[in-house]
Amino acid sequence: MSLRVIWMTAQGNDLGVKDEDFGEKKRGMFLFIKKVQKKVGEEWREIEGGYQVGGLDYQINFRWGSEKEIIVSCLKSPKGIVFENLVRECVSEINHEKAQKKVDKINEFLEDFLWFDFIVEAKRGDLYFVGSIDLYYYQDLEIVFKDVTFAVCSSDFSICPKEERVFSLGKEEDFRFVNEYSIDCGYEVLIKVKPSDSDKPFYIACSDIQYKIEHIENGKKLDDTLKQKEQIVKKYELFLENGGWYQQKENSHKALIFKDDFYQNNDVLGLIFRINKLCAAKVRYFRNHIEEYDFYKYDYKKGFVKTELWDSEFLRHKKTGYYIDYRYLQTITKKEDFMLFCKQLEE
């Protein structure tokens, strides 16, 4: 439920406040009344055709309009209070609280992921974020920003929910930044997004935020991923036991390679890099640049042999022809050394 001031008239100080979720309109009305009541310090009562908050000197009336909007009227404002400001302040607080709950639910869903990728699409004034850990095969989350009037974001980006809180509501400094721009239509909610592949946050100013958590697969592509995962299990002789995938080599103890949740929720690159004990930062970099590489293994008779990702032992950088051994990547333990390594490849 989102409330939105849609019109006002000077005569009678009437304000129309639109209830965006008609299914919750009654609850929205009472929430609105309680907000006003708290600010003016008076009781509320039921009157013919609606409700009223007020005392001897003033009355604020609430009733439903013909188009499902809440009509709030006040012939005389409470002392020291500007009626229009009172209504807008209450609307703003309600929208903020509702949006905060939705943002918390989105972050709660994301918090178990090491990374998550999004693509962004605009449709009829709304902005859609569609995301998963592997968008090539499926999506798990759709976020819709309604009636967007201002947006600063990339057309696709990655996030690291394990490392930092990704979605939040704008604070005072964020409003100052956004309000430096001319926004003719205004907005009810300001959402701040922290991408992992940019130093600067994204901003979306909108009337409301909605989300849907649903696993939608691209069947053919997903089948390919499942087959490659099965090949990984065979190649590395992994076995599932008590919710974990283990490996036990000759004359060695049983070792946990990854949990089954990790196996189910990760792509082939993520599994290969975990088996080779490579950190999340390296996974993110190569996932974002994977089109720049071919996959190879080494045969003592044939030399380097091109193969599929699941069977790879080396990444061949297409532009330079360099072969990058997963074991070499293990030796890079400092962030600045890895950043220098990436920079040299990109240059």
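Is Lys297 buried, exposed or partly exposed? Lys297 is partly exposed, at a relative accessible area of 30%. Here buried means under 20% relative accessible area, exposed over 50% and partly exposed in between (1.4 Å probe, protein chains only).

This is a predicted model: local features need pLDDT of at least 70, side-chain atom pairs count only at pLDDT 80 or more, and totals for chains, interfaces and linings use all residues. Residues are numbered from 1 along each chain as its sequence is written, and side-chain values use heavy atoms, with hydrogens and water left out.

**View 1. The whole chain.** The protein chain holds nine helices and 22 strands. Helices (H or I, at least four residues) and strands (E, at least two) are DSSP runs, numbered from the N terminus. The chain has 347 residues, and 44% of them are buried. A contact means heavy atoms within 4.5 Å. Of the contacts in the protein chain with a separation of 6 or more, 53% come from residues 24 or more positions apart.

**View 2. Helix H7 and its surroundings.** H7 spans residues 280-288. Its buried residues are Lys282, Val283, Arg284, Tyr285, Phe286 and Arg287.

**View 3. H7 against H9.** The two helices pack at an angle of about 15 degrees, and their axes are 12 Å apart. Axes are lines fitted to C-alpha atoms, for helices over the stretch in contact, and angles run from 0 to 180 degrees between N-to-C directions. H7 is therefore roughly parallel to H9, a term for angles under 35 degrees. From H7, the contact uses Ala281, Lys282, Tyr285 and Phe286. From H9 come Phe338, Phe341, Cys342 and Glu346. By class, this contact has six nonpolar, no polar and two charged residues. Ala, Val, Leu, Ile, Met, Phe, Trp, Tyr, Cys and Pro count as nonpolar, Asp, Glu, Lys and Arg as charged, and the others, Gly among them, as polar.

**View 4. Arg287 and Asp267.** These side chains meet in a salt bridge, 2.9 Å from N to O. The pair links distant parts of the chain, 20 residues apart: Arg287 sits in H7, Asp267 in the loop between H5 (260-265) and H6. A salt bridge is a side-chain nitrogen of Lys or Arg within 4 Å of a carboxyl oxygen of Asp or Glu. By this rule there are 19 salt bridges. Arg287 is buried at 13% relative accessibility. Asp267 is buried too, at 8%.

**View 5. Lys297 and Asp311.** Their side chains form a salt bridge of 2.8 Å, N to O. Lys297 lies in S19 and Asp311 in the loop between S20 (303-306) and S21, so the pair ties together parts 14 residues apart in sequence. Asp311 is buried, with a relative accessible area of 8%.

View 6. Asp325 and Arg327 meet through their side chains in a salt bridge (2.8 Å, N to O). Asp325 counts as buried at 15% relative accessibility, whereas Arg327 is exposed at 56%. Elsewhere, a network of salt bridges links Lys35, Lys39, Glu89, Glu93 and Glu97.

**View 7. Ser207.** Ser207 lies in the loop between S14 (202-206) and S15 (208-217). Ser207 is buried, with a relative accessible area of 5%. Asn95 is 112 residues from Ser207 in sequence, and 8.7 Å away in space, C-alpha to C-alpha.

Note on methods: Angles under 35 degrees count as roughly parallel, over 145 as roughly antiparallel, 65 to 115 as roughly perpendicular and the rest as oblique.
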